[in-house]
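Please open the model in a viewer and follow the selections below in order. Each stop names what to select and then describes what is found there.

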Amino acid sequence: MSGKYKDVAYYPGCALEGTGHAYNRSTKEVGKALGLKITELKNWNCCGAMEVKNVDPKLQTYLSARNLSIAEEMGYKTVMAPCNGCYHNLKKAEYDLAHDQNSREVTDRLSRKAGHKTYEAGKVETIHALDWIKEEIGEEGLKARVKNSLNGLKIANYYGCMYTRPRHIFPEKDQGPGSESTSKPHFMDDLLAAAGAENVDYPLKTACCGGAHTLSDSDTSTKLVLNLLTTAEACGADVIATECPTCHTGLEMHQARAEKVFGRKTKVKILYFTQLLGMALGLSARKVGVQENFSDSMDLLRERGLY
Amino acid sequence: MPIHEKSLIRPENLVTHEHLEIEGVDVSGHWSTFINTRAVSDYNEQMQEEIAALPGGEYIHRCWQCGSCTNACTVNAINPDFNPRYWIYLIRMGYESELLRDKDIIWQCVSCNKCTYACPRDVFPEGVMKATAHWLELKGHTEKKPSMVFDETFSEQVFATGKIEDGRVLREFFARTKQSLFQDWLIAMVRSLLMRLPVTLMMKLGLATVFHPRTRGWSKAQAAIDEYVHEREAAARKALRLDVQGAE
Ligand code: SF4
Ligand code: SF4
């Protein structure tokens with residue numbers, strides 16, 4: 001327990017206000033249960049997700065810079081983002097503003113015209129919800145607070161693309177023991193194991209779910225997701241734990257689509273890691289929004305005494 | 001990991017004669033196989049420069065053709081014709097007509113950044129894929145691909161209001177690409193959810209579609225972004241030697 005992340009700014013992003021609301025709710029509930037304070041960024045804007053960069057990457061940098069400057073103005077040194085897309089874009093902006101003169105110029109110019117303070121690299125640290133709990137509470141701290149152990153629930157931990165790639169925007173990763181790995185991430189595994197889960201050896205932790213083209217190239221996405229689902233089942237997983245609303249919704253949508261369009265039914269359930277942690281901390285399934293997921297895991301959880 | 005190479009011999013250029021005798025020697029079937037000469041005469045010497053002028057394409061000149069990008073690529077694993085290493089080669093050599101053979105799959109890059117992670121030369125191949133897809137569209141080689149329609153639908157909403165509402169993006173995207181919103185699998189999914197959701201939450205979600213979320217005081221940011229976008233568009237058209245109106 002470092003105390004560093006006890007009180008941080010919170011950037012939910014658009015997805016957590018829409019399809020990912022269960023992630024928003026469970027993140028807040030888990031924070032409350034762990035005694036961690038989060039304060040939402042005032043009047044934040046969209047980070048541009050996977051789309052604005054295709055119009056122009058420098059605009060994406062500006063969008064994130066505006067959010068970081070709000071955190072700074074609110075007096076925060078750390079902003080926590082649970083969504084991989086938001087997290088990635090804030091990190092990318094931080095990197096580009098530190099290393100690329102042109103990105104700095106565009107951000108300064110747009111900030112000036114938009115009438116707010118520009119953001120300078122190094123003022124605010126961006127962390128993921130995983131860093132937040134792992135660094136602040138840690139496995140031991142979590143173990144001490146578990147009221148309702150996940151009791152050997154078999155979990156495949158799925159991190160997706162944006163949490164680890166490209167590696168140069170995550171300078172704190174791959175720094176030896178204790179740090180997160182970009183090739184074999186383990187923070188979510190560590191936390192869920194502390195909550196009593198049995199993590200299966202899942203080889204596709206950082207494979208792609210096709211989230212960027214989930215609607216515009218649905219067949220590709222369905223193929224990629226089906227591969228993730230069947231591999232998780234082959235590894236013996238009951239549940240795929242997610243830490244990104246785009247991945248999560250992609251897995252749920254294309255699980256349904258694979259069944260309807262390709263006739264391939266899979267039964268592995270999909271839950272946010274914060275929902276799993278919340279239930280282990282003694283919160284009800286309802287409180288962490290399990291019924292709001294498309295993937296219906298109620299029977300499984302009831303069977304395991306978690307519901 | 002297999003090495004993903006690309007054969008430059010196309011099946012249609014392999015010629016065999018079922019019955020052929022040359023100077024009394026029977027060379028029927030594969031004994032008579034020969035390869036039609038493949039000559040490229042229409043080099044586009046500007047191609048690399050043009051793609052480098054578009055966002056994402058800046059570092060294409062660094063590529064040393066190691067193939068790590070293709071080896072790591074998510075889409076290549078599904079479709080072997082999707083080959084970033086090979087396309088970068090074609091662009092750098094100026095083989096425009098060869099590149100055009102793959103013009104309808106280049107947009108399928110899912111931005112997983114496995115290539116960027118693997119690339120030893122910091123080419124940022126993911127960006128090169130996006131720049132190449134834009135180049136194909138700007139040059140009039142392809143129509144707007146679905147992913148580009150999606151990018152635009154999404155970005156326009158961000159630029160206009162500062163935020164997006166995912167239901168609205170979905171509806172607009174389906175409308176712009178002339179697809180029905182009532183896809184079987186979507187209906188099945190929503191139906192199973194409606195059975196379980198509490199009424200209050202459904203009302204809240206319903207309201208979000210009526211009162212669009214927006215960032216307060218966004219209009220100045222919107223104006224600044226719009227101005228920048230127009231500037232960049234004009235610069236791109238100039239780099240590609242297209243006039244500003246859109247006609248070539
Ligand atoms: S970002 Fe695109 S080109 Fe690169 S590995 Fe992923 S799908 Fe392939
Ligand atoms: S990995 Fe990089 S250097 Fe190697 S072929 Fe791909 S773009 Fe070129």
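How many helices and strands are there in chain B? Select chain B of this predicted model: the chain contains twelve helices and four strands. If contacts in chain B between residues at least 6 apart in sequence are listed, 59% of them join residues at least 24 apart.

Next, select ligand 2 together with the 14 residues around it. Which of these residues come nearest? They are Cys63(B), Cys66(B), Gly67(B), Cys69(B) and Cys119(B). Now highlight helices α2 (68–72) and α4 (84–93) of chain B, each of which supplies at least two residues of the shell around ligand 2. Colouring that shell by residue class gives nine nonpolar, three polar and two charged residues.

Finally, move to chain A and select helix α5 (residues 84–99) and helix α6 (residues 101–114). Their axes lie 6 Å apart, and the helices pack at an angle of about 110°. An angle from 65 to 115 degrees counts as roughly perpendicular, and α5(A) and α6(A) are therefore roughly perpendicular to each other. Show the side chains at this contact: Asp96(A), Leu97(A), Ala98(A) and His99(A) belong to α5(A), and they meet Gln101(A), Ser103(A), Arg104(A) and Thr107(A) of α6(A). By class, the residues of this contact comprise two nonpolar, four polar and two charged.

Terms used: Residues numbered from 1 in each chain as written. Chains lettered and ligands numbered in written order. Predicted model: local features only at pLDDT ≥ 70, side-chain atom pairs only at ≥ 80, totals over all residues. Heavy atoms only, no water. Axes fitted to C-alpha atoms, helices over the stretch in contact; angles between N-to-C directions. Parallel < 35°, antiparallel > 145°, perpendicular 65-115°, else oblique. Contact = heavy atoms within 4.5 Å. Nonpolar A, V, L, I, M, F, W, Y, C, P; charged D, E, K, R; others polar. Near = heavy atom within 4 Å.
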